[in-house]
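Here are my notes on the model, point by point. Please read them with the coordinates open.

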Amino acid sequence: MTLDFTGRLHAAGYDRVAAQSRAVWLERASTEFARVTGAPPLWHWSVPGRIEIFGKHTDYAGGRSLLSAVPRGFAVVGRPRADACVRVIDARHGDVAIIDIHDAERGWKGWANYVAVTVRRLADNFPGASLGMDIAIASDLPRAAGLSSSSALVVGIALALIRRGELDLRDDWQQVIGSVEDLAWYLGCVENGLSYKSLEGTRGVGTHGGSQDHTAILACRPGVVSHYSFMPVVAHGVSPMPEAWRFVVASSGVHADKAGSVRDRYNRASLAVRALVAIWNAEHPATPAMSLAAALDSHADAEGQLRAAVLRSDPEGFTREDLDRRLTQFVHETARVPLAAAAFANADFAELHRLAAASQDGAERLLGNQIPETVALVAMACEEGAFAASAFGAGFGGSVWAVVPASGADAFGAAWLAKYRSAYRHRDTADWFSAVPGPGAVEVAATE
């Protein structure tokens, strides 16, 4: 049996060059899998990273985001094993983690923690499932660079375990997960540890994030940017990426590990949202809101009511000014998303520039999650001729997207990175790539 990875990926929506690139990583993962286990893998997935175009820290507040999958990500391959262990082989770096499904106590660090959290949550939520499995992964996503490598890993491991245990055929699965949007919300809860409907939560990976990343990774489509809202995950349509436009993404070389070095700062933005919802619900005990977006949508003057309530409050861990800034950032950022979707649909680069500049300003002044390197990358992108540019992801490092003319994307990327490296010589891991929106996660079937 031969495996036509390139043909299957091209049919799924990758352009020919991207399909060939993804196929290389699938072949690499498959080769290492066979070397370690002595048998070829049975199943294969390509799982992308994502660009958060608009929607900075909005998803866990029930807000909106504009998203795109990128033609970089994880290759995930696997086959069943007979015991109650999940062995994961990192084909690129040579690391191996063996997770005992019945051992809930052992702690893990780094990428293995994401694997362990996913394995344990699925085992807890779907008791009796056969989840023993060998898996190999290989990725060309830079770690902790804002492209959602951690959530892509969660999604890839989850897809493998769902296939292994036939979880999607179970009644208890079908009662609560009936769509790709449901699955994205659930996997966001796997990562953050919250309960999802009747599926009880666990401790998660230690971050209080949402399901934006998982939604993009699972549900984005090739050639378009996708508009979603969250809590619940709801699709609001897509806008075509103009053929004359390209994304260019540059990583700052500053790791933004939201489950490690920047976790507390990342969580502070999320905890501020929880504080705002708690203040609202204390004022409206008969009709508590599930999310900040739900609170703001409940009354014509809800925003004014909430701001007044914040001024009367004595929030623990925050000043009133902290919460007022967080509210302002959320209100303005989530409102930009449908406007940005229209700018893509109309190829209106002037409007996209205006919205991106306002989004970046909100991140710098109100969220406070930017660093000199990401601020400089945005400014340099505009100096080099980008239509629009903005940092994205958790913040405190990571990457910046720019939208540029397709005909000059490669020259732009090289000049942009050269300018950045000249100013920040110690950030020698900074890199760039150009992309058009790609498909979400793809299971690549074997062909004769």
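**Notes on the predicted model**

1. Ground rules. This is a predicted model, in which local features need pLDDT of at least 70 and side-chain atom pairs count only at pLDDT 80 or more, while totals for chains, interfaces and linings use all residues. Residues are numbered from 1 along each chain as its sequence is written, and side-chain values use heavy atoms, with hydrogens and water left out.

2. Backbone at Ser-148. Ser-148 sits in the loop between β5 (133-139) and α4 (149-165). Helices (H or I, at least four residues) and strands (E, at least two) are DSSP runs, numbered from the N terminus. The phi of Ser-148 is near 70°, a positive value in a residue other than glycine. Most residues other than glycine have a negative phi. Ser-148 is also buried, at 6% relative accessible area. Buried means under 20% relative accessible area, exposed over 50%, and partly exposed in between (1.4 Å probe, protein chains only).

3. Backbone at Phe-396. Phe-396 also has a positive phi, near 60°. Its place is the loop between β9 (388-392) and β10 (399-405). Phe-396 is buried, with 9% relative accessibility.

4. Cis peptide. Which residues does the cis peptide bond join? They are Met-231 and Pro-232, with omega about 5°. Pro-232 belongs to the loop between β6 (224-229) and β7 (234-240). Most peptide bonds are trans. Please check this bond by eye.

5. Salt bridge Asp-140 to Arg-22. The whole structure has 19 salt bridges, each a side-chain nitrogen of Lys or Arg within 4 Å of a carboxyl oxygen of Asp or Glu. One of them pairs Asp-140 with Arg-22, at 2.9 Å from N to O. Asp-140 lies in the loop between β5 and α4, and Arg-22 in helix α2 (residues 16-37), so the pair ties together parts 118 residues apart in sequence. Asp-140 is buried at 11% relative accessible area. Arg-22 is buried at 2%.

6. Salt bridge Arg-87 to Asp-134. The closest N and O atoms of this pair are 2.9 Å apart. Arg-87 is in strand β3 (residues 85-90) and Asp-134 in strand β5, so the bridge ties together parts 47 residues apart in sequence. Both Arg-87 and Asp-134 are buried. They belong to a network of salt bridges that links Arg-81, Asp-83, Arg-87 and Asp-134.

7. Salt bridge Asp-322 to Arg-325. Here the N to O distance is 2.6 Å. The two residues are three apart in helix α11 (residues 320-345), which separates them by about one helical turn. Arg-325 is partly exposed, at 33% relative accessible area.

8. Second largest pocket. A pocket is found on a 1 Å grid over the protein atoms alone: it is an open set of points where a 1.4 Å probe fits, with protein on both sides within 12 Å along at least five of seven lines, and lining residues have an atom within 4 Å of a point. The volume of the second largest pocket is about 410 Å³. That volume is the space filled by probe spheres set on the points, with grid points joined across faces, edges and corners. There are 22 lining residues, and Tyr-60, Leu-194, Met-231, Arg-274 and Met-290 lie nearest the centre. Two or more lining residues come from each of α6 (180-192) and α8 (263-283). The largest share, five residues, is from α8.

9. Ten lining residues of the second largest pocket are nonpolar, nine polar and three charged. Ala, Val, Leu, Ile, Met, Phe, Trp, Tyr, Cys and Pro count as nonpolar, Asp, Glu, Lys and Arg as charged, and the others, Gly among them, as polar.

10. Helix α10. Ala-302, Leu-306, Ala-309 and Val-310 are the buried residues of α10 (residues 302-312). Down the axis of α10, they fall within an arc of 105°, so they line one face of the helix. The arc is that of the directions from the helix axis to the C-beta atoms. Exposed Leu-311 and Arg-312 are on the face turned away from the buried side. The cover over the buried residues includes α8, α9 (292-296) and α11.

11. Pro-315. Pro-315 lies in the loop between α10 and α11. Is Pro-315 buried or exposed? It is buried, at 16% relative accessibility. Not counting residues up to four places away in sequence, Pro-315 touches Arg-320 and Leu-323, contact meaning heavy atoms within 4.5 Å. Pro-315 and Ile-279 are 36 residues apart in sequence and 8.4 Å apart in space, C-alpha to C-alpha.
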